[in-house]
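Trainee: I'd like to learn how to read a model like this one. Could you walk me through it, one feature at a time?

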Amino acid sequence: MTEVVAALIWDKNRLMICQRPKNKARGLLWEFVGGKVEPGETKPQALIRECQEELAITVSVGEQFMETTHSYPDMTIHLTLFSCTIKEGTPKLLEHNDLCWIAPEEITGFPFCPADRPILKRIMEETKNEGFKNGSTV
């Protein structure tokens, strides 16, 4: 099982999604920025490193939003998604093919990696609640 972390980054009522590079597994599918946890790293440390490597941003890692496990033909991942904010920098495409800021109701218009589907379902459900704003319940 591969430990993977990802960032749920909000800008007001929009969340950041990234399109995987064409030449990688699950190429051109959309996902949340993140990656594998390296030996000796905590999950928050891995997420900070991945955001710097992939988007040239420094994030503040907040609470865990949720976790899920998914088996792909080539690997099984345990994905932990954290609510994050950009502390420093403007996102740059260092690794991804594209980046978008979308409203939760736009999620269904993008083909996401299968591991993200339970997360997307929860985001859509929670954003229907009036108390949900900027990625956290009030």
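Mentor: Let's start with a side chain: a polar atom of the Thr 127 side chain lies 3.2 Å from the backbone oxygen of Met 124. Keep in mind that this is a predicted model, where local features need pLDDT of at least 70 and side-chain atom pairs count only at pLDDT 80 or more, while totals for chains, interfaces and linings use all residues. Residues are numbered from 1 along each chain as its sequence is written, and side-chain values use heavy atoms, with hydrogens and water left out.

Trainee: Which other backbone oxygen lies close to a polar atom of the side chain of Thr 127, at 2.9 Å?

Mentor: That's the backbone oxygen of Ile 123. To count as a polar contact, two N or O atoms must be within 3.5 Å; within protein, one must be able to donate a hydrogen and the other to accept it, and residues adjacent in sequence count only if both atoms are side-chain atoms.

Trainee: And where is the place of Thr 127?

Mentor: Thr 127 sits in helix α2. Helices (H or I, at least four residues) and strands (E, at least two) are DSSP runs, numbered from the N terminus. Thr 127 has a relative accessible area of 25%, so we call it partly exposed. The cut-offs are under 20% for buried, over 50% for exposed and partly exposed in between, with a 1.4 Å probe and protein chains only. Across the fold, the C-alpha atoms of Thr 127 and Glu 105 are separated by 8.7 Å, although the two are 22 residues apart along the chain.

Trainee: Now the rings. How is a pair of aromatic rings described?

Mentor: You give the distance of the centres and the angle of the planes. Rings of Phe, Tyr and Trp (its six-membered ring) pair if their centres lie within 6.5 Å; planes under 30 degrees apart are stacked, over 60 edge-to-face, and the rest tilted. Here the structure holds two aromatic pairs. In one of them, Trp 30 and Phe 110 have ring centres 5.2 Å apart and planes at 80°, so that pair is edge-to-face. Trp 30 is in strand β3 (residues 30-31) and Phe 110 is in the loop between β7 (98-102) and α2 (117-128), so this pair links distant parts of the chain, 80 residues apart.

Trainee: Is Trp 30 buried or exposed?

Mentor: Trp 30 counts as buried, at 6% relative accessibility, whereas Phe 110, at 22%, counts as partly exposed. Phe 32 and Phe 112 form a tilted aromatic pair, with 6.2 Å from centre to centre and 35° between the planes. Phe 32 is in the loop between β3 and β4 (34-36), and Phe 112 in the loop between β7 and α2, so the pair ties together parts 80 residues apart in sequence. Phe 32 and Phe 112 are both buried.

Trainee: Which residue lies over the face of Tyr 72?

Mentor: Arg 26 does, at 3.7 Å from the ring centre. A charge sits over a ring if NZ of Lys or CZ of Arg is within 6 Å of the ring centre and within 35 degrees of the ring normal.

Trainee: With which side chain does the side chain of His 96 make a polar contact?

Mentor: With the side chain of Glu 31, at 3.0 Å. His 96 lies in the loop between β6 and β7 and is buried, with a relative accessible area of 6%.

Trainee: Where does Glu 106 lie?

Mentor: Glu 106 is in the loop between β7 and α2 and is partly exposed, at 40% relative accessible area. Its C-alpha atom is separated by 9.6 Å from that of Arg 14, 92 residues apart along the chain.
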